[in-house]
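Please keep the viewer open as you read.

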Amino acid sequence: MERNRKLLNEFDWVILAIYGTLLLFGCLSVYAASFREVEASSFSQVLDVNTSFGKQMMWVAVCIVMVTFILLVDSKFFTSLAYLSYIVSIILLVAVLLVGKEIHGNKSWFGIGSFGIQPAEFAKFCTALALAKFLSNQSIDLKNMKNMLTAFAIIGLPAALVLLQPDLGSMLVFCSFVIVLYREGLNPLYVIIPLLLLLFSVIALKFGALVLSIIALISLSLLIYFNLKKSLKTIIFIAFVHCFVIGYGYSVDFIYHKVMKDYQRARIDYTLRISTKQAINKPVIKEDVVQKIVPGEKKHRKFDDWNIRQSIIAIGSGGILGKGFLKGTQTKFEFVPEQTTDFIFCTIGEEEGFWGTTLVVSLYIGLLLRLVWMADRQRSKFSRIYGYSVAFILFFHFLINVGMTIGLVPVIGIPLPFISYGGSSLLAFTFLLMIMVKLDADRLHVLR
Amino acid sequence: MKDLFSSRSFVIKVVFVVIGVLFFLRLFFLQVLSSEFAQQANNNAIKQRRVEPARGLIYDRNGKILVYNAPIYDVFVNPSQAKNKEIDTTKFCELLSISREQFIKYYRKAKIEFPNKQSIFLSQVSIEDYSKFQEYLNQFTGYSGIVRTMRQYPYNSAPNLFGYIGEVSERQIEASEGYYQPGDYAGKFGLELKYDESLRGTIGISYYYVDKLGREQGTYENGEYDQKPIAGKNLISTIDIELQQYGEKLMQNKRGSIVAIEPKTGEILCLVSSPSFDPNLLTGRKRGDNYMKLLNDPQKPLIDRPLTATYPPGSTFKVFNALVSLSDGSITADYGWTCGGGYHLGGGKIVRCSHPHPSASNLMDGLKYSCNPYFCGTFKASVENAIYSSTEVGYQHWRNIMLAMSVGQKTGVDLAGEKSGNVPTPEYYNKIYGKGQWHANTIISLSIGQGEILMTPLQMANGYALIANRGYYYTPHLIKKIEGDSTNTLKLTYALHKTGIAYALYDAVCEGLRRVVESGTAHSCAIPSIQMCGKTGTAQNPHGENHSLFAGYAPFENPKIAIAVIVENGGYGATYAAPIVSLMVEKYINDTIETSRQKVEKRMFEADLLNTGNYGKKQEIIK
Ligand SMILES: [Zn+2]
C-alpha cells in the first residue's frame, strides 16, 4: 500500500494530464470529423468498430491497457530491449516495402483484416531507444568521427527506408534526431548548415537564384571587410562558399521547375505565397476526385492548394468561440481533406475556435517544455537522450502538422500526435511518451 | 561541459516557445482578426434553391375550375452515383416510355454538364409513368424524381383563351426584372401570358447544406431563413364554360368564331375559335410535338380567330351605318326608300338587293329586309350632308363615330394579339382617288359592310352589346377578379365607353333588329320564348364561298347577351350563323333547347364544312 502510493507519486502527473487531455480532444475531434448528420448515427452505430470513431475508441482502450502495462514494468525492460526492438522495426520497414499494401501510391501499411499497421510509427520510438542506448555508453563521444557516423547510421537507416515508401513526413521526423545529437555535443554546424540551406532555398524560390547570389555576395563581402583577417586563404574560402551558394540556388531552381510535380510545386507556392500563372483562385479542380475510403485506415498524399485553402477557411471561419461541437460545415461536409487524420486540427479550429486551437497549441508547448525539463533532470544518459528524442519527435509532428493546416509549412502528410485518427500512430506515440514517463519515475533507482 | 549542455537545452526551449508564439499569432490572425473566412465557409456549404410557388388557378363565372395544377415529375440523375452498367436499362426505358437512344443521349448530356451533381435527366414525366417508375426506383441508383406541377384543363376547351406556359424567353427574363431565370416556366400566350404576373406568385428561397460533391445535406438552420413561396393569385374569369363548350360543339367541323358578351358589364361569356383543340395537348412532355402538329395543320387551329381574324362585316354592319346617319340628323327613323331597281351609282352601275322584297318605308323595315340600296342612301345622306363642308369632312365624322363604336378599333380586351380591323381614313381615299375626287358613291360599298371595311368577331359582338345598351359599352374582358388571400383580392374595373348618340335614336334600330328575327331574314331562327334581336350578314369573299354572319342580342327587353357568329365560307347568314346564334342565346338564357328546335341544333352539330369541299383549295381566306 505504502509502496504503491510512493510509486504513484513518482509518475509525472503533468505529462499524464496533458496526455489525457489531448487524448480526449482527439476522441471528440475524430467523432466530430467523422460525424455525418444525414446518417443520424445512433449510439450503437457510434461504437461500431467499422466506423472511424468506433475504431478509434477501441484503440484508446488498447492504449489505456498499454499505459498501465508500461508504467508497471521495470524500466530496465526497455533499455534491455532497445537494440532488439530497433532491429525488429528495421526488418518490418523492409518487409513493408516488399509485402505492404499500397494505398495512394504509398507502401506503408500491413493490412490485417479491416485494420492496418504502420511500422514507420513504431520505428520512431524504437530508433529513439536504440539511439539512446548507443549514446549512453560511457565510451561514446560524438567528437569521435566513427562514433558520430554510427549515430548517423542508426538514424539514417530507418529514415532512408521510410523515404522509399515514400513517406516524406516520417523521414523528416527521423531527421529530428540530429537535433538530439546536437544536444549531446554534436558540432552545431550540423544543425546550422541545414537550416542555412533551408533559408537559401526559401530565398531562391521566393526571390530567385539571382537575388540569392547577390545577397550572398554582399553579406560575404561585408564579412571580409569588417571581421576577418584579409588573408588570401580566407578570401579564397569565401569565394568558394559564394560559388557554392550560387550553384545551390540554381540547383534549387532547377529541382523546383524540372523535377517536382505540379502538386508539389503548388504546396510550395502556397507556403511561400508565390503567385504563379496557375491562377490563384483556382476553381474546384478535377484532380480532386472522390477519395475512396479504404477498409481500415485511410491516408493519401494528393493535396494541392485548393485543399490547403479549405483548411484555412475551416480554421479561420471558427472565429473566437468556434461554431460549436458537430456544427462545422467545412469538416462535416468534407470540404477539408483527410480531416480525421492529417487535417484534424481543422475540426478543432472550426468547431472550438480560437480558444480551442490556443488550448491545443499551449498543451503541446507545455508538453514539450516539460519533456525537455524532465530530460534534463535525468541522472541516466539513456533517459536524457530518450527524453530529448521524444520531445523532438513530438515537436516535428506538431510543427509540420499544425503548421501545414494554418498554411505556414508545405503540406506533408503526418499525423498530429494523440489527436489524429489512426491506431498505429496513437499506439506508437503512447509507447513513446509512456516509456519516458516510466524512465522518469525510475530515475532515482537508476545508477548514473 | 555542464554549461554547454544547459545552454543548448535553453536554445531548444526557446525554439519551442518561439514556434508556439508563432502559431498563436497566426491563429490569432486567422481566427480573430480576419473576417472573410466565415463567409467563404458559408459559400462552400450553404446553397440556395428557388422554390416555385403554385401557379394561380382560373375559374369560370360560375366558380368552376378551368385551369389547375396537376403533379408531374422531373427525373434527375447524379452521374457520379449512377451505375448504368448495373441497371436494367430496357426496363428503365420502358417505364419512362423513352427509347434506348434517348436514354443514352439524356445521360450523356447530364454527365457532360454536371458530372458530380444532380441534374435534370428527363422532364415532365406523367404521374402514371412516374408511379410505375417509382416502384423500381431503388434499383436505379443515382436517379431520383422531383415533383413539379403541370397545367391541366379539365374541360378540354378554349385553348385560345387560356394559352399555355412554356420555358421563358430571353425577353421575358429581362422584362421580369430578376424574377425569372432560364429554364423557368412562364405564360406564353392567352390569359397565362396576359395575367402572368398575377398567376406566377412569388418565388420562395430555401437554404440547404451541400457537401464537397454538391450532394444535399439537409436544410440550413431548419429552414429558419427560408422564404416561403407565395402562391399565385387565382383568376375569376367571365367565361361561362358550359356556353363555351356548347359553342365549340356547334362550331365543330366549321371554321369561324363565336363571341358572346354580357352587355351590361362587358364580360365576355364565351370566345370560341374553331377549329379548336384540347389545351392539354400543350402541356407535358409531348408539348413540342403537338405544337408543331397544330402549327402545320392547314385549318390553323392555333389562330385565335375571335380576336385576330378580320372579316368584312357585311349586312351586320348596316346598323352602325344607320346609327351614324341618325346621330347627325341626316335621316330619321321614318326615312324611306323605294327599292325598285337598286341603287344607281351612275355609269350604269347598280347596287342591288340580294332578294326581292317590299319597299322599306322606314328604318325598321330597311333592317328587316336588309335592303342594300336603303343603306347606300343613308350613307350618302350622312357623308354628303350639307352640314359638312365637304365629303371628306362628312366621311371623317362618319368614321369617328365608327371608331367610337369600336368598329375598326381595338376594344382593349385583356388578351394579347387583338387586331384592330379597318375603317379606311379619308387620307387613304385621297391617295387613291385624289383629294376632292371621291364621293359617297365612290365608297358606297362601305355602307353595306363590304369594301375595305374589316372587323374582328369581337368587335361585332361588342358593337351589338353597345346597341343592346343603347349607347355605351364596357371594355370587353375575360377576367373580373384577381383573387389573392383575403387582403389583396382585386376586383377589376373596366372603362365605360359612350358613343354620344342619343338614347332615343336606338329605338328604331333595336326595333328593326327585333323584326329581322321576328319576320325578316332570320325569321327561321326565332326562339318562341325569347325575343331575339339581330342581323344576318353575308360577307362577300373573293377567295371562295361567302362567310355566314350573324350578330345580335337578346332578349329585346333588358338584354342579357350580345353575340356575334361567323362561319367561314358558310354562305348566307341565315344558313349557319343565325341558327347558331339562336341556339347559343337559347342555351344561355333558358339553359335548354326547346324540343321544337332540337332539329336545328342537330343540323348545326352535324354540319360539316371542313370535309365537304367548302374549304377546298382556297385556304387564304383569313386576312
Ligand atoms: Zn332592297
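A residue is called buried when its relative accessible area is under 20%, exposed when over 50%, and partly exposed in between (1.4 Å probe, protein chains only). Strands here are DSSP runs (E, at least two residues), numbered from the N terminus. This is a predicted model, in which local features need pLDDT of at least 70, side-chain atom pairs count only at pLDDT 80 or more, and totals for chains, interfaces and linings use all residues. Residues are numbered from 1 along each chain as its sequence is written, chains are lettered from A and ligands numbered from 1 in the order in which they are written, and side-chain values use heavy atoms, with hydrogens and water left out.

Let's begin with strand 11 of chain B, where seven of the seven residues are buried. In a regular strand, side chains alternate between the two faces of the sheet. On strand 11 of chain B, Gly256(B), Ile258(B), Ala260(B) and Glu262(B) point one way, while Ser257(B), Val259(B) and Ile261(B) point the other way, and all are buried.

Strand 21 of chain B is largely enclosed by the rest of the structure, because seven of its seven residues are buried. One side carries Ile561(B), Ile563(B), Val565(B) and Val567(B), the other Ala562(B), Ala564(B) and Ile566(B), and both faces are covered.

How do these strands connect to their neighbours? Two strands pair if DSSP finds at least two bridges between them, and the pairs are set out below.

| Strands of chain B | Bridges | Direction |
|---|---|---|
| Strand 11 (residues 256–262) and strand 21 | Six | Antiparallel |
| Strand 20 (residues 547–554) and strand 21 | Seven | Antiparallel |
| Strand 11 and strand 12 (residues 267–274) | Seven | Antiparallel |

Ala562(B) in strand 21 is the bridge partner of Ile261(B) and also of Tyr553(B). Ile563(B) in strand 21 is the bridge partner of Ala260(B), and Glu262(B) stands opposite Glu267(B) in strand 12.

Two hairpins are worth a look. Between strands 11 and 12 of chain B there are four residues, and Gly266(B) takes a positive phi near 80 degrees in this hairpin. The hairpin of strands 20 and 21 of chain B has six residues between the strands, with Asn558(B) at a positive phi near 50 degrees.

**The zinc ion**

Which atoms hold the metal? The zinc ion is coordinated by SG of Cys339(B), Cys353(B) and Cys371(B) and by NE2 of His357(B), at 1.9 to 2.4 Å. Donors are N, O and S atoms within 2.8 Å of the metal (3.2 Å for Na, K and Ca), and water is not among the atoms, so sites may look incomplete. Along the chain, the donors of the zinc ion follow the spacing C-x13-C-x3-H-x13-C.

The arrangement is tetrahedral because the four donor atoms subtend angles of 101 to 115 degrees; four donors count as tetrahedral if all angles lie between 85 and 135 degrees. His357(B) is buried, with a relative accessible area of 16%.

**The largest cavity**

On a 1 Å grid over the protein atoms alone, a cavity is a set of points where a 1.4 Å probe fits but cannot get out, and lining residues have an atom within 4 Å of a point. The largest cavity has a volume of about 340 Å³, a volume being the space filled by probe spheres set on the grid points. Of its 21 lining residues, the closest to the centre are Glu52(B), Arg55(B), Thr149(B), Ile165(B) and Tyr185(B).

Key: On a 1 Å grid over the protein atoms alone, a cavity is a set of points where a 1.4 Å probe fits but cannot get out, and a pocket is an open set with protein on both sides within 12 Å along at least five of seven lines; lining residues have an atom within 4 Å of a point. Four donors count as tetrahedral if all angles lie between 85 and 135 degrees; four count as square planar and six as octahedral if opposite donors are over 155 degrees apart and all others between 65 and 115; anything else is irregular.
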